[in-house]
Amino acid sequence: MENLKLVKKTVIQPEKPTKRRQIFLSNIDLGLIAYQESVSFFDPPQINFVEACEKLNRALERLFVHYDFFAGRLVPSLGDGQRLEIDCNGAGVVVVAAETETTLSQLGDLMAPKPDFKQFTGFLNEENEEEMEITDMPLLFIQLTQLGCRGVAFASRYNHCVLDGVAVREFQANMAALTLGKDMMLIPNPDRTMFRARNPPLINHPHHEYSKTIQCKSNATFVQSSIYDRTHLIHLPPHRIANIKKATMSDGKKLNCTTFQAVAAKIWKARSVASGMEDERISTMLFPVDCRKRVVPQAPIGFSGNALIPGFARASMKELKEEEDYVLVEKVKEGLERLDDEYVRSSIDWLEVNKGVPCREDSFSLVAWWRLGLEEDEFVWGKSKCNTPVSLKPGLVYLLPGPTDEGGLNICLELPNDQIREFHRLMMEG
């Protein structure tokens, strides 16, 4: 951070006035009022850094005519002061140009979060932010940093209540196109009223994927007394993934499952067993599921909000230790398949009544980051080498793309030193 230098900090607003409107936030959105940070890295571009910054700013001015809600602010709802909504007031987003002496080679492995990456969001926090109301905060911050080797880091910090990962992918594709002087790839539709709770609410399922706020407990059973040292990255090469899928045999027949389902089941068992939980405890693995096409009617093309509902798999530790791999994979598949229109509606109604949060007791969330394709876009300053979260939040496990020349997947997680060794052993056995 001591090598980080601020070049310019500006507030970017839509290039022309937009209609003042309020955007309803669903219960899914309201459970995600927290800031997410990610960073992409680029080799030295053909254009100079000043020109890259100018083209980014011009592209954003055009972009926020369509994404006016991203340039707005959270406000109490006019109809219900206990809820928040987005006021499309054109207040703008914070965009920073910065320089650092750090080079790409000095950063080493770019595929996983690490403390060095914090410099790339170093100017994306407001002064006295801890004392600010969430309603005063910009919904998006962007920092473009030139490295000592002339490479570029593009980092964003955004409020998750505005967009989910799928919508972020579309937002970034539009931004990249505009930096190249092209047209918008897809026009966003921020209307979330299709995910409004029913009146009266109708809860038809137990919804183990959520916890009532007053019942939330710490993840102590996953932490124990060991010491965390760093974020760990475990590579699953293609042949190892093939072996994991091959192990999902029932009566000599290979189970019809995806790579995610097989790897997720293996991670669920390995992380739970490595944590040393007692046999009678129930372990829950959450995984976000895109419900755009699962609800009736389906969400419109370009839906720009949150449509990711937590799927889950749960079992006692005794089951996790004793059951065959295919049984655990079936539980993961069930977690995906149960999310039909009625289940999603019931989930939203449960949140309306209970104001809960994703399950926090003896649980963790597995995020298939590699599916987002955030490294695929080409900006005026080049195509990304990779995209990764800046940091790993407690209770999360990321599935990231493997090295370009090796393929496969990277598992990114934090566990105490002794537990990570056991986790690695369990992932590689069988």
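This is a predicted model: local features need pLDDT of at least 70, side-chain atom pairs count only at pLDDT 80 or more; totals for chains, interfaces and linings use all residues.
Which residue in β14 stands opposite Ile282? The residue is Ser316.

The secondary structure of the protein comprises 11 helices and 21 strands. Its radius of gyration is 22 Å, close to the 22 Å that the globule rule gives for 430 residues, so the protein is as compact as a globular protein of that length. Taken along the principal axes, the box filled by the C-alpha atoms is roughly 60 × 55 × 40 Å.

Ile282 lies in strand β13, which spans residues 282-290 and pairs with β14 in the antiparallel sense over 9 bridges. Both strands belong to an open sheet of 6 strands, ordered β10-β21-β20-β16-β13-β14, in which the pairing is mixed. The edges are taken by β10 (232-236) and β14 (308-316); each has a single partner strand, so one side of each is left without a neighbour in the sheet. From one strand to the next, the twist averages 25°.

Helix α9 (residues 325-337) lies across β13 and β14, and runs at about 150° to β14. Helix α11 (residues 417-428) also packs on the sheet, where it touches β10 and β21 (409-413). The direction of α11 makes about 10° with that of β10.

Helices also pack against one another. Helix α2 (residues 49-66) and helix α4 (residues 165-179) have axes 8 Å apart and an angle of about 125° between them. That angle makes α2 oblique to α4. The crossing of α2 past α4 is right-handed. On the α2 side, the contact is formed by Lys55, Leu56, Ala59, Leu60, Arg62, Leu63 and Phe64. These residues meet Phe171, Asn174, Met175, Leu178 and Thr179 in α4. By class, the residues of this contact divide into 8 nonpolar, 2 polar and 2 charged.

Another helix pair is formed by α6 (residues 238-246) and α7 (residues 259-274), which pack at an angle of about 85° with their axes 9 Å apart. Angles of 65 to 115 degrees count as roughly perpendicular, and α6 and α7 are therefore roughly perpendicular to each other. Here Arg240, Ile241, Ile244 and Lys245 in α6 meet Thr259, Ala262, Val263 and Lys266 in α7. The contact of α6 with α7 has 4 nonpolar, 1 polar and 3 charged residues.

Technical notes:
Residues are numbered from 1 along each chain as its sequence is written. Side-chain values use heavy atoms; hydrogens and water are left out. Axes are lines fitted to C-alpha atoms, for helices over the stretch in contact, and angles run from 0 to 180 degrees between N-to-C directions. Helices (H or I, at least four residues) and strands (E, at least two) are DSSP runs, numbered from the N terminus. Angles under 35 degrees count as roughly parallel, over 145 as roughly antiparallel, 65 to 115 as roughly perpendicular and the rest as oblique. A crossing is left-handed if the near helix is turned anticlockwise from the far one by less than a right angle, and right-handed if clockwise. Contact means heavy atoms within 4.5 Å. Ala, Val, Leu, Ile, Met, Phe, Trp, Tyr, Cys and Pro count as nonpolar, Asp, Glu, Lys and Arg as charged, and the others, Gly among them, as polar. Two strands pair if DSSP finds at least two bridges between them. The radius of gyration is taken over C-alpha atoms; the globule rule is 2.2 Å times the number of residues to the power 0.38.
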